[in-house]
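These are my notebook entries on one protein. I went from the whole fold to single residues and wrote down what I looked up.

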Amino acid sequence: MAEMNWAGNYEYRAGRIARPETVEELRELVVGAPAVRALGSRHSFNDLADTPGLLVSTAGLPGTVRIDEASRTVTVGGGVRYGDLARELQEAGWALHNLASLPHISVAGAIATATHGSGDRNGNLATAVAGLRILNGSGELVDLRRGDEGFDGAVVGLGALGVVTEVTLEIRPTFDARQRLFGGVPWDAVLGRLDELTSAAYSVSLFTTWDEPSVSLAWLKELDGAESAIEDDFFGAPALTEARHMIPTMDVRNTTEQLGVAGPWSERLAHFRFEFTPSNGEEIQSEYLVPRSRAVEAIEAVRALAPLVAPLLQITEIRTVAADDLWLSSSYGTDVVGLHFTWVRDQAGVEAVLPQVEAALLPLGARPHWGKLYLDREGVVPSLYPRLADFAALAARFDPDGRFRNPFLARLLP
């Protein structure tokens, strides 16, 4: 059917795509298909969301947004995009704790893959989940709340339990934030003072191509009004006075406003503006999240691979995520440092490089982002999740006929 993912590097192998507009339509499709998967905003770079059977798009399902001020939660349709949700929350005086780089991704798809923003004390997007409504493999709607049996396994669910039709998220009163950029962070500071560096703001991102004499860009997101020890020098890097895209060849107009101009969280926490398409999808992404205790080793290991990596790389982002208790979260049980690679769209070239990258990082306990391109040819990844067998049992309970199983899950689950 020649349907592609957002980046254009993966063609879905499903026989057809259905676009239900009601939960009843969705139920009929699910119970009538021996193999089915939910399809969100198509931002996975691998076969996670694919199936040899039927794909059901969540984009047309009810776009619920119900704010409960008393409980400080919002309930949203699973196919709602974070950018749309953020605007509605901001207009009502509320906020989420964080956003990913792109606000164009769906809520259910992002939490199912443990997608994240940045910040030493900020959990990934899934940590805001207080409840789920899932249409399971038997066509039943199942509600789970935090504290229920299996909840911690269901949140980062990889689509294995069914189609998430609604998500309830914790919210907080709205706040303003600002972004400042600094150019040329010395590698000695990154390697020798990483903890100080990443804790210097609400969120800190470092951008590099690995073959540079210094880290080209530090991107700080600060809460407006919060005291900052960082003035015009960030560990030896001067403050920039002109806005920058993290990839020098890209249009800076796609990025959210910088240079210390305060604005709503909904227009600052993401790197890219919701009203712009940040690129034409001409890229492939990989990410490996390393336990914080091994982060310096991981950075040094990738620097040693710079001659191999840099020719295929557009940019790497280094950022931090706080630990959580969600079984299949990449930060389960440990604070992590993410090494995110935005590659040129050369599938064969990237797949030729990834074995060396993974040989350097997986032995350090690095967990690949579920929705990004990774290979794991040695089958190491399942061993990095101590609750994987529990998750497999949970998935079997929700989907006893295996409707939502696909090749990706067959490789992962025992």
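Entry 1, terms and model. I take helices (H or I, at least four residues) and strands (E, at least two) as DSSP runs, numbered from the N terminus. The model is predicted, so I note that local features need pLDDT of at least 70, that side-chain atom pairs count only at pLDDT 80 or more, and that totals for chains, interfaces and linings use all residues. Residues are numbered from 1 along each chain as its sequence is written, and side-chain values use heavy atoms, with hydrogens and water left out.

I looked up the secondary structure and found eleven helices and 20 strands. Along the principal axes, the C-alpha atoms fill a box of roughly 60 × 50 × 40 Å. I then checked the radius of gyration, which is taken over C-alpha atoms; the globule rule is 2.2 Å times the number of residues to the power 0.38. For 414 residues a compact globule would have a value near 22 Å, and the protein has 20 Å, which agrees.

Accessible areas come from the Shrake-Rupley method with a 1.4 Å probe, and for residues only the protein chains shown count as cover. The protein exposes about 15900 Å², and 48% of this is supplied by carbon and sulfur atoms. For single residues, I call one buried under 20% relative accessible area, exposed over 50%, and partly exposed in between (1.4 Å probe, protein chains only). By that rule, 59% of the 414 residues count as buried. A contact means heavy atoms within 4.5 Å. Of the contacts with a separation of 6 or more, 73% are between residues 24 or more positions apart.

I counted Lys and Arg as positive and Asp and Glu as negative, without His and the chain ends. The place of a charge is NZ of Lys, CZ of Arg, CG of Asp or CD of Glu. How far apart are the mean positions of the 36 positive and 55 negative charges? They are 2 Å apart.

A nonpolar core is a set of buried Ala, Val, Leu, Ile, Met, Phe, Trp, Tyr and Cys residues joined through side-chain atoms within 4.5 Å. The largest one has 108 residues, and those with the most contacts inside it are Trp210, Phe234, Phe341, Trp343 and Trp370. Helix α10 (residues 388–398) gives the largest share of this core, six residues. A second, separate core has twelve residues, among them Ala18, Leu26, Val30 and Val36. I also listed what Trp370 touches: leaving out residues up to four places away in sequence, its partners include Asn46, Leu48, Val156, Tyr385 and Phe408.

Which way does the phi of arginine 42 go, positive or negative? Arginine 42 has a positive phi of about 65 degrees, although it is not a glycine. I find arginine 42 in the loop between β2 (36–39) and β3 (54–57). Alanine 114 is not a glycine either, and its phi is positive at about 60 degrees. Alanine 114 sits in the loop between α3 (107–112) and β7 (129–135), and it counts as buried because its relative accessibility is 0%.

Is glycine 123 buried or exposed? Glycine 123 is buried, because its relative accessible area is 14%. Beyond neighbours within four places in sequence, glycine 123 is in contact with His97, Val321 and Ala322.

Leucine 61 lies in the loop between β3 and β4 (65–68). With a relative accessible area of 11%, leucine 61 is buried. Leaving aside neighbours within four places in sequence, leucine 61 is in contact with Pro20, Glu21, Thr22, Val23 and Leu26. I recall Leu26 from the second core.

Arginine 13 lies in the segment before β1 (16–18) and is exposed, because its relative accessible area is 59%. Arginine 13 and aspartate 47 are 34 residues apart in sequence and 8.9 Å apart in space, C-alpha to C-alpha. Arginine 387 lies in the loop between β20 (367–368) and α10. Its relative accessible area is 27%, so arginine 387 is partly exposed. Not counting residues up to four places away in sequence, arginine 387 touches Trp327 and Tyr332.
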